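Subject: A structure for you to look at

Hi there,

Here is the structure I promised to pass on to you. Have a look at it first, and then read my notes below with the model open beside you.

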Amino acid sequence: EKGSREDVITAKSPELADDKTGCWLSRRLEECGLPENYKITYFNIAQGDSLPELGNFDCFVLGGTFHDVKRPCDEGRPWQRPLEDWLLAHRRTGKPLLGICGGHQAMAVAVGGEVTRRPGGIAAGSLPVKLKP
């Protein structure tokens with residue numbers, strides 16, 4: 001929502017147009033030494049950006065949120081229902097999609113999963129990821 005700190009995590013907003021704070025993905029790719037033969041476009045639907053057209057991009061990264069990720073009708077955020085519809089449409093494309101934190105939770109909820117509190121409290125850390133062809 002306007003005034004939230006979400007733009008600092010997910011993307012550049014008009015207020016941060018000249019600030020690299022929201023460009024976390026670009027920074028991570030630069031740190032990995034990847035050649036810059038790609039273009040990254042940032043969208044922040046919580047700040048009012050439209051969801052991207054699925055046919056205009058090769059892959060997507062869905063970042064997190066400060067808001068609870070639940071069934072859209074339960075949370076009441078105006079951008080959650082369109083995101084769920086977009087995720088279901090994206091699923092039919094077969095294009096790569098990486099969900100990070102709330103992003104992967106939103107992906108799970110879109111296909112009928114449930115996000116609940118962990119009985120043992122918050123767990124955080126890093127695990128290796130193995131890609132499959």
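Let me start with charge pairs. The count comes to 1 salt bridge, where a salt bridge is a side-chain nitrogen of Lys or Arg within 4 Å of a carboxyl oxygen of Asp or Glu. As background, side chains of opposite charge can pair when their charged atoms come close. Here the partners are Glu84 and Arg81, and their closest N and O atoms are 3.7 Å apart. Both belong to helix H4 (residues 80-93), and because they are 3 residues apart there, about one helical turn separates them. Helices (H or I, at least four residues) and strands (E, at least two) are DSSP runs, numbered from the N terminus.

Is Glu84 buried or exposed? Glu84 is buried, at 8% relative accessible area, while Arg81 is partly exposed at 39%. For these words, buried means under 20% relative accessible area, exposed over 50%, and partly exposed in between (1.4 Å probe, protein chains only).

Before going on, please keep in mind that this is a predicted model: local features need pLDDT of at least 70, side-chain atom pairs count only at pLDDT 80 or more, and totals for chains, interfaces and linings use all residues. Residues are numbered from 1 along each chain as its sequence is written, and side-chain values use heavy atoms, with hydrogens and water left out.

Now for the overall layout. The protein chain has 5 helices and 2 strands, and from the N terminus on they follow the order α-α-β-α-α-β-α. Of the 133 residues in the protein chain, 29% are buried. The protein chain exposes about 9400 Å², with 55% of that supplied by carbon and sulfur atoms; accessible areas come from the Shrake-Rupley method with a 1.4 Å probe, and for residues only the protein chains shown count as cover. Among contacts with a separation of 6 or more in the protein chain, 56% are between residues 24 or more positions apart, contact meaning heavy atoms within 4.5 Å.

Next, the inside. The largest nonpolar core has 13 residues, and those with the most contacts inside it are Leu62, Trp79, Leu83, Trp86, Leu87 and Ala106. Strand E1, helix H4 and helix H5 (102-110) each supply at least two residues of this core. A nonpolar core is a set of buried Ala, Val, Leu, Ile, Met, Phe, Trp, Tyr and Cys residues joined through side-chain atoms within 4.5 Å. Which residues does Leu87 contact, leaving aside its neighbours within four places in sequence? They are Leu62, Leu97, Ala106, Met107 and Ala110.

There is nonpolar surface to look at as well. Val61, Leu98 and Ile100 make a nonpolar surface patch of about 210 Å². Patches are made of residues with over 30% relative accessible area and no salt bridge: like charges are joined within 9 Å, nonpolar side chains (Val, Leu, Ile, Met, Phe, Trp, Tyr) within 5 Å. Leu98 sits in strand E2 (residues 97-99) and is partly exposed, at 46%.

Pro96 is in the loop between H4 and E2. Although Pro96 and Phe60 are 36 residues apart along the chain, their C-alpha atoms are separated by 6.4 Å. Not counting residues up to four places away in sequence, Pro96 touches Asp58, Cys59, Phe60 and His90. Cys101 is in the loop between E2 and H5, and its phi is near 55°, a positive value in a residue other than glycine.

Cys59 is partly exposed at 47% relative accessibility, and Cys101 is exposed at 52%.

Finally, a few spots elsewhere. In H2, Trp24, Leu25 and Ser26 are buried, and just after H2, Gly33 takes a positive phi of about 75°. Lys39 lies in the loop between helix H2 (24-31) and strand E1 (60-62) and is exposed, at 76%. His67, in the loop between E1 and helix H3 (72-75), is buried at 13%.

Enjoy exploring!
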